[in-house]
Amino acid sequence: MPISISMIVVSSQLVIAVADRVPTFDIARSCKLDVAATAGLSVDQSVKSCVNDERKARQQLTSQWSKFSASSKAECVPQESIGGTPSYVSLLTCLQLGQWAR
C-alpha cells in the first residue's frame, strides 16, 4: 500500500513537534514508581535523590537541546514514554549516545 504525500507531511510535522522543546515529565511520579521497584535506601532519601538527578538532567537538556539532532530527538523522546516512568536522565543519555555515534 503506497504512502500518500499527505501522510508524510503530517507525520513529519509530528516529528518536528516532538523535537521542538524538552518534553515535560512528572518526575516525582516516575521517581516514586522507580523507588517502589527497588530496595536499598529509605524511600524518602531515594525519591529526593532521584528528583534531584532528574532536575539536573532536565536543566542540562534545556541548555543543550538545540545541539541534538532532530532524528535523535525523534528516536529518543518516544522511547521515554514506554513503560510509564519517563526519565530526563535516560533521555539525556539516549541523546548523548546518538550524538557520539555520529
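**View 1. A disulfide joins Cys 76 to Cys 94, with an S to S distance of 2.0 Å.** Cys 76 sits in helix H4 and Cys 94 in helix H5, so this pair ties together parts that are 18 residues apart in sequence. The angle about the S-S bond is -75°, making the link of Cys 76 and Cys 94 left-handed. Look for both Cys 76 and Cys 94 among the buried residues. One thing to keep in mind for this view and the others: the model is predicted.

**View 2. Cys 31 and Cys 50 form a disulfide too, and their sulfur atoms are 2.0 Å apart.** Here Cys 31 belongs to helix H2 and Cys 50 to helix H3, so the bond ties together parts that lie 19 residues apart in sequence. The link of Cys 31 and Cys 50 is left-handed, with -75° about the S-S bond. Both Cys 31 and Cys 50 are buried. How many disulfides does the structure hold? It holds two. Number the bonded cysteines in sequence order and the pairing reads 1-2, 3-4.

**View 3. The whole chain is built from five helices, with zero strands.** Follow the sequence along and you get the pattern α-α-α-α-α. The protein has 102 residues, and buried ones make up 30% of them. Among contacts with a separation of 6 or more, 72% come from residues 24 or more positions apart.

**View 4. Helix H2 spans residues 27–36, and its buried residues are Ile 27, Ser 30, Cys 31 and Val 35.** Seen down the axis of H2, these buried residues fall within an arc of 130°, so they line one face of the helix. What is exposed on the other side of H2? There you'll find Lys 32 and Ala 36.

**View 5. Ser 30 is found in helix H2.** Is Ser 30 buried or exposed? Its relative accessible area is 4%, and since buried means under 20%, Ser 30 counts as buried. Leaving aside residues up to four places away in sequence, Ser 30 touches Thr 85 and Pro 86.

**View 6. In helix H4, the buried residues include Ser 72, Lys 73, Cys 76, Val 77 and Glu 80.** Viewed down the axis of H4, its buried residues fall within an arc of 110°, so they line one face of the helix. One of them, Cys 76, is the residue joined to Cys 94 by a disulfide.

**View 7. The largest nonpolar core has 19 residues.** Which residues have the most contacts inside this core? They are Leu 61, Trp 65, Tyr 88, Leu 91 and Leu 95. The elements giving two or more residues to the core are H2, helix H3 (43–64), helix H4 (70–80) and helix H5 (88–101).

**View 8. Leu 61 is one of the core residues with the most contacts inside the core.** Not counting residues up to four places away in sequence, Leu 61 touches Val 22, Phe 68, Tyr 88, Leu 91, Leu 92 and Leu 95. Tyr 88, Leu 91 and Leu 95 turn up in both lists: they touch Leu 61, and they too are among the residues with the most contacts inside the core.

Conventions. Residues are numbered from 1 along each chain as its sequence is written. This is a predicted model: local features need pLDDT of at least 70, side-chain atom pairs count only at pLDDT 80 or more; totals for chains, interfaces and linings use all residues. Side-chain values use heavy atoms; hydrogens and water are left out. Buried means under 20% relative accessible area, exposed over 50%, partly exposed in between (1.4 Å probe, protein chains only). Helices (H or I, at least four residues) and strands (E, at least two) are DSSP runs, numbered from the N terminus. The arc is that of the directions from the helix axis to the C-beta atoms. Contact means heavy atoms within 4.5 Å. A nonpolar core is a set of buried Ala, Val, Leu, Ile, Met, Phe, Trp, Tyr and Cys residues joined through side-chain atoms within 4.5 Å. A disulfide is a pair of cysteine sulfur atoms within 2.5 Å.
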